[in-house]
Amino acid sequence: MSAITFIQYPKMDKGIRYYIRDNYFSRLNQIRFFTDDYIVKKKYKEINYSGEFQTEICHILPFAYWHHLNGTLAKTISCKGTKEFYFFSENHEERYDFRNARFAYENFDTPNTTHSISKSYQKWAPVPLKEHYKNDIFVFEKPIMVIANKYNVEWDGPPLNFLSIEVLNEIISKYKSKYQIIYNRPLPAHIVEDNSEILDLGEHKWLNEFHPEVILLDDLYRKHQASVNNFNHLQLMVYANCQRFVSVHGGTATLASYFGGVNIILSKGNDNPATGGGLEIMFNEFANFFPLLSGAQILHAKNDNDIINFLSTHY
């Protein structure tokens, strides 16, 4: 696979080529399951994953859903708080308390393992999260706009892709009269972490003081904790009722792309994509892959000004 990838992309950096190589190998590995998947078709497939959240909902979850539709899914295993993502799995185990960021690069059991210049859709089916979780509970007088932010270590460096307080202020001041804005930046207590340490942006207190009209998903969780299973369950229910998102690079943007409508994604990448930063941009995934998750219109904002411009033309 390394040789084939080199012949195809001789000028590409070796650190980038291995992503493509690994995906090629994963597809080749699926030959082993041809009889079980297409001829015998009994419930045999056990899907076990503890890697990064973005890879899980991009590749693992649709792979599991395909097996469900195919009648071959026996069991799914993942991290705490994931049962609602695998609502279709009759046997789902929440086994892991921590996400291993290297897992996707050492696991070749799915046709797509990580970012790549091309993907296989033979055993990939978009999961209807919006249809399943749409509800009459989280409905407001105005349509919802979800701002899905993050503020954590990225690629072993300081935060790069995040909505600053200054940008949040500009967005909220202009659009809070038109939309019921719901702000979401999951805290460590709410999600299973990987190696990207979550830092403190200090915006929750600021929002309460200067924009009390904005609903914090943290507050919504405390209010509805008795009626939802976990924080992810709440996210799914709120997102299912939303058609307008502003999100940032990574799992945050991927989840927001699962619910149709329009999703503005801030993704600046970094100066060394070989470290994993900016591969969505290098492989053009915002254009050729993310829309397939739900049919959402994806708008790639390369900087803060792009966000404001996209908002003015689409929101």
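Student: Where is Met 1 found?
Tutor: Met 1 sits in the segment before helix H1, which covers 2–8. Keep in mind that this is a predicted model.

Student: Which residues form a nonpolar patch with Met 1 on the surface?
Tutor: Ile 4, Phe 25, Leu 28 and Ile 31. Together with Met 1 they have about 450 Å² of accessible area.

Student: Switching to helices: at what angle do the axes of H8 and H9 cross?
Tutor: At roughly 110°, and the axes come within 10 Å. Helix H8 is therefore roughly perpendicular to H9. H8 spans residues 217–224 and H9 spans residues 231–240.

Student: Which residues make that contact between H8 and H9?
Tutor: From H8, Leu 217, Asp 218, Leu 220 and Tyr 221. From H9, Phe 231, Leu 234, Gln 235 and Val 238.

Student: OK, what about Ser 247, where does that lie?
Tutor: In strand S7, residues 244–248. Ser 247 counts as buried because its relative accessibility is 0%.

Student: And which residues does Ser 247 touch?
Tutor: Leaving out residues up to four places away in sequence, the contacts include Ala 148, Thr 252, Asn 263 and Leu 266.

Student: Last one: where is the place of Glu 52?
Tutor: In the loop between strand S1 (45–48) and helix H4 (53–70). Glu 52 counts as partly exposed, at 23% relative accessibility.

Student: How many residues apart in sequence are Glu 52 and Arg 99?
Tutor: They are 47 residues apart in sequence, yet 6.0 Å apart in space, C-alpha to C-alpha.

Definitions and conventions
Residues are numbered from 1 along each chain as its sequence is written. This is a predicted model: local features need pLDDT of at least 70, side-chain atom pairs count only at pLDDT 80 or more; totals for chains, interfaces and linings use all residues. Side-chain values use heavy atoms; hydrogens and water are left out. Patches are made of residues with over 30% relative accessible area and no salt bridge: like charges are joined within 9 Å, nonpolar side chains (Val, Leu, Ile, Met, Phe, Trp, Tyr) within 5 Å. Accessible areas come from the Shrake-Rupley method with a 1.4 Å probe; for residues, only the protein chains shown count as cover. A salt bridge is a side-chain nitrogen of Lys or Arg within 4 Å of a carboxyl oxygen of Asp or Glu. Helices (H or I, at least four residues) and strands (E, at least two) are DSSP runs, numbered from the N terminus. Axes are lines fitted to C-alpha atoms, for helices over the stretch in contact, and angles run from 0 to 180 degrees between N-to-C directions. Angles under 35 degrees count as roughly parallel, over 145 as roughly antiparallel, 65 to 115 as roughly perpendicular and the rest as oblique. Contact means heavy atoms within 4.5 Å. Buried means under 20% relative accessible area, exposed over 50%, partly exposed in between (1.4 Å probe, protein chains only).
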